[in-house]
Amino acid sequence: ITMQIEAALKLGRFVSGLGGMGARAEVCTLAAEVLEQSSLLTAPEERAVAVGEAAALYALVGSVRRSALLSHFGGDLTFGAHGSNGSTGFMDPVLSTAIRPI
């Protein structure tokens, strides 16, 4: 995983531990950033790890549905499935809309 993704994940974990009013929004923004950057990774295994870590960030702040959606998508990446439309692109348009920060 690239250094930018690792830094965003570490910051997200730190901010989620602080709590507070803006923690959830900040962590969701960082997780979305991780997902955008993970599309640049070439190895599917690295993409699956990045998606799984982003799902864990969402779970830390209570975004259970987003976490479950990403966990499912990460599992699809792990087992070689591609998007619901059969393309080899990383982010399905429906998934990208579902995980954007509110």
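The model is a predicted one. Of the 102 residues, 37% count as buried.

Helix α1 covers residues 3–18 and helix α2 covers residues 23–38, and the two pack at an angle of about 165° with their axes 9 Å apart. An angle over 145° counts as roughly antiparallel, and α1 and α2 are therefore roughly antiparallel to each other. The crossing of α1 past α2 is left-handed. On the α1 side, the contact is made by Gln 4, Ile 5, Ala 8, Leu 9, Leu 11, Gly 12, Val 15 and Ser 16. On the α2 side, the residues are Ala 23, Glu 26, Val 27, Leu 30, Glu 33, Val 34, Gln 37 and Ser 38. Sorted by class, that makes nine nonpolar, five polar and two charged residues.

Helix α2 also has a partner in α3. Here the packing angle is about 170°, and the axes are again 9 Å apart, which makes α2 roughly antiparallel to α3. From α2 come Val 27, Cys 28, Ala 31, Ala 32, Val 34, Leu 35 and Ser 38, and they meet Arg 47, Ala 50, Val 51, Ala 54, Leu 57 and Tyr 58 of α3. This contact has eleven nonpolar residues, along with one polar and one charged.

Ala 32 is worth a look of its own. This alanine lies in α2 and is among the residues that meet α3. Its relative accessibility is 10%, so Ala 32 counts as buried, the cut-off being under 20%. Ala 32 and Ala 8 are 24 residues apart in sequence, and their C-alpha atoms are 9.8 Å apart in space.

What about the inside of the fold? In soluble globular proteins, nonpolar side chains tend to be buried together. In this model, the largest nonpolar core has 22 residues, and the members touching the most others are Val 34, Leu 35, Ala 54, Tyr 58 and Leu 70. At least two core residues come from each of α1, α2, α3 (44–60) and α4 (64–78). Helix α2 gives the largest share, with eight residues.

Methods: Residues are numbered from 1 along each chain as its sequence is written. This is a predicted model: local features need pLDDT of at least 70, side-chain atom pairs count only at pLDDT 80 or more; totals for chains, interfaces and linings use all residues. Side-chain values use heavy atoms; hydrogens and water are left out. Axes are lines fitted to C-alpha atoms, for helices over the stretch in contact, and angles run from 0 to 180 degrees between N-to-C directions. Helices (H or I, at least four residues) and strands (E, at least two) are DSSP runs, numbered from the N terminus. Angles under 35 degrees count as roughly parallel, over 145 as roughly antiparallel, 65 to 115 as roughly perpendicular and the rest as oblique. A crossing is left-handed if the near helix is turned anticlockwise from the far one by less than a right angle, and right-handed if clockwise. Contact means heavy atoms within 4.5 Å. Ala, Val, Leu, Ile, Met, Phe, Trp, Tyr, Cys and Pro count as nonpolar, Asp, Glu, Lys and Arg as charged, and the others, Gly among them, as polar. Buried means under 20% relative accessible area, exposed over 50%, partly exposed in between (1.4 Å probe, protein chains only). A nonpolar core is a set of buried Ala, Val, Leu, Ile, Met, Phe, Trp, Tyr and Cys residues joined through side-chain atoms within 4.5 Å.
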